[in-house]
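Here is a friendly walk through one chain, meant to be read with the model open beside you. We will go from the way helices cross to the core between them, and end with a loop residue.

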Amino acid sequence: MSEEKKIIIDEDWKTQVEAEKETLAKEQSEQSEQAEAPAEPQDFPPASFEMLMTSLATEAMVSMGQMPNMGTGQVETNVPQARYAIDMLQVIEEKTKGNLTPGEQQAIESLLHQLRMMFVSVQQGQGGAPATPNAPESGGE
């Protein structure tokens, strides 16, 4: 009779080990799913006028080859894209005129001036040819 009890205890132990393995596998699966989950929106800085200006300015600078493309790590030049980003900042300046704080107004004016000077320098470095033949002159001063 004692041998039967030993088998029962042994079977209980095996069942318990299997249950623990399943629990561990589930926990590991959940952890890997959490690691693969996309970043939550709170990982981004708060949305603000300054962040909008910074985003467009960064796009313009990357397009002018002033900093590496964060996606590729390569320094690339795309003059039409740079002009577009600068023009977008100008549109924002025009559409927000009278609604900005003095600090915000000064920041966007200064940023646009710096980007336009950089744009002219990049254009001259490429032989002075315009970025696009029919582009409006709103992108440069």
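A crossing of two helices is called left-handed if the near helix is turned anticlockwise from the far one by less than a right angle, and right-handed if clockwise. With that in hand, look at α3 and α4: α3 passes α4 in a left-handed crossing. Please keep in mind that this is a predicted model.

**The chain as a whole**

Of its 141 residues, 23% are buried. Among contacts with a separation of 6 or more, 59% join residues 24 or more positions apart.

| Helix pair | Axis separation | Angle |
|---|---|---|
| α2 and α4 | within 11 Å | roughly 0 degrees |
| α2 and α3 | within 7 Å | roughly 155 degrees |
| α3 and α4 | 10 Å | about 160 degrees |

Start with α2 and α3, whose angle makes them roughly antiparallel to each other. Their crossing is left-handed. On the α2 side, the contact is made by F49, L52, M53, L56, A57, E59, A60 and S63, and on the α3 side by V79, Q81, A82, A85, I86, M88, L89, I92 and T96. Sorted by class, these residues are 13 nonpolar, three polar and one charged.

Next come α3 and α4, also roughly antiparallel to each other. Here V79, A82, R83, I86, L89, Q90, I92 and E93 of α3 meet a set of α4 residues that includes Q105, I108, L112, L115, F119 and Q123. This contact of α3 with α4 has 11 nonpolar, three polar and four charged residues.

What is the orientation of α2 relative to α4? Their axes cross at roughly 0 degrees, which makes α2 roughly parallel to α4. The residues that meet are F49, E50, M53, A57, A60 and M61 from α2, with E104, A107, I108, L111, L115 and M118 from α4. In this contact of α2 with α4 there are 10 nonpolar residues, two charged ones and no polar ones.

Which residues have the most contacts inside the largest nonpolar core? They are M64, I86, L89, I108 and L115, in a core of 19 residues. Each of α2, α3 and α4 supplies at least two residues of this core.

**A look at T77**

Finally, turn to T77, which sits in the loop between α2 (49-63) and α3 (79-96). Is T77 buried, partly exposed or exposed? Its relative accessibility is 46%, and because values between 20% and 50% fall in the middle class, T77 counts as partly exposed. Leaving out residues up to four places away in sequence, T77 touches S63, M64, G65, V122 and Q126. One of these, M64, is also listed among the residues with the most contacts inside the largest nonpolar core. For a sense of distance, the C-alpha atoms of T77 and A60 are separated by 9.8 Å, while the two residues lie 17 residues apart along the chain.

Terms used: Residues numbered from 1 in each chain as written. Predicted model: local features only at pLDDT ≥ 70, side-chain atom pairs only at ≥ 80, totals over all residues. Heavy atoms only, no water. Helix = DSSP H or I, 4+ residues; strand = E, 2+ residues; numbered from the N terminus. Buried < 20%, exposed > 50% of the residue type's maximum accessible area, 1.4 Å probe, protein only. Contact = heavy atoms within 4.5 Å. Core = buried A, V, L, I, M, F, W, Y, C linked by side-chain atoms within 4.5 Å. Axes fitted to C-alpha atoms, helices over the stretch in contact; angles between N-to-C directions. Parallel < 35°, antiparallel > 145°, perpendicular 65-115°, else oblique. Nonpolar A, V, L, I, M, F, W, Y, C, P; charged D, E, K, R; others polar.
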